Amino acid sequence: MRRLYAIPLGTVEVDVSKFMAWEPERGERYSGPVAAFLIQTDDGKNVLVDTGLSPDHIEDPECRIRRPDVVVTMTPEDDIRHQLGLIGVKPQDIDIVVMTHFDFDHAGGNRFFPDAAFVVQREQYEYAKATPERCFALDWDLPGLRYTLLDGDQELLPGIELLVTPGHAPGHQSVVVRGLPNTGTVILSSDAAHSHIEFEEERRDPNQDAETVEKMLASIRRLKRIRDAEGATLLLDHDADHWSTGYRLLPEYYD
């Protein structure tokens, strides 16, 4: 593995009581980053993990979800195409897009990668088809996009492992990247946990049923075991506390 980039793609502010009730100390509102990740392999493959927000949000922040539950902040610089361009990568250079899940802040740029092979868990694909009120079809269910459906954990490429980590959504998957010469193993947990507090303290979501909570906790514990066994670096998509201070953001990278 050659490099891994963490890509900043705007912010989403949410009502804590509805979307992060397990961290009431945050107050009424929580503003978290939106992220995608680019993995560059030794043999020149470009693997993108998620695609961030749709640029429709630049002109209309309420184009997917209305205020005040969710408030999106996105500028032209937060477009996935602009961010990739900062390191000389064009949309047609992306070989594979791994979809962790189809929420609007993870699939909003899918339309820009028609040449890529998209990889998603079958359970998430079928869930998204059945819940267009959550997984907006205009972001991901588009002519010309090719989805390969997986049934469980899979080695995508040497050094890139996809792990099913349900709870946040059915068929949600995380990505484990191994073999970075200086960094070692990196875990891209996506929304298996929103913050390091939730991850480390295994906070329970009081708005969820017991079965979903147990799935969420099992996913967190699974990723913890890998982190602890391999001394891995954990990168969360929406952690406002660490994103701008502890993570290396594009154009910096993990190698």
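Tutor: Fine. This is a predicted model. Helix H8, residues 210-230, lies across E9, E10 and strand E11 (184-190).

Student: At what angle does H8 run to E11?

Tutor: H8 runs at about 165 degrees to E11.

Student: And the sheet, what's the strand order?

Tutor: The order is E8-E9-E10-E11-E12, 5 strands in an open sheet with mixed pairing. Strand E8 (154-157) and strand E12 (233-236) are the edge strands, each pairing on one side only.

Student: How many degrees are neighbouring strands turned against each other?

Tutor: On average 25 degrees, with direction ignored.

Student: Back to E9 and E10: do they run parallel or antiparallel?

Tutor: Antiparallel. In one of the pairs, Leu163 has Ser174 in E10 as its bridge partner.

Student: Changing topic. How many helices and strands does the protein have?

Tutor: It has 9 helices and 12 strands.

Student: Why does the radius of gyration agree with a compact globule?

Tutor: Because a compact globule of 255 residues would have a value near 18 Å, and the protein has 17 Å. The C-alpha trace spans about 45 × 45 × 35 Å along its principal axes.

Student: What share of the residues is buried?

Tutor: Of the 255 residues, 55% count as buried. The accessible surface comes to about 10,500 Å², and carbon and sulfur atoms account for 48% of that.

Notes
Residues are numbered from 1 along each chain as its sequence is written. This is a predicted model: local features need pLDDT of at least 70, side-chain atom pairs count only at pLDDT 80 or more; totals for chains, interfaces and linings use all residues. Side-chain values use heavy atoms; hydrogens and water are left out. Two strands pair if DSSP finds at least two bridges between them. Helices (H or I, at least four residues) and strands (E, at least two) are DSSP runs, numbered from the N terminus. Axes are lines fitted to C-alpha atoms, for helices over the stretch in contact, and angles run from 0 to 180 degrees between N-to-C directions. Contact means heavy atoms within 4.5 Å. The radius of gyration is taken over C-alpha atoms; the globule rule is 2.2 Å times the number of residues to the power 0.38. Buried means under 20% relative accessible area, exposed over 50%, partly exposed in between (1.4 Å probe, protein chains only). Accessible areas come from the Shrake-Rupley method with a 1.4 Å probe; for residues, only the protein chains shown count as cover.
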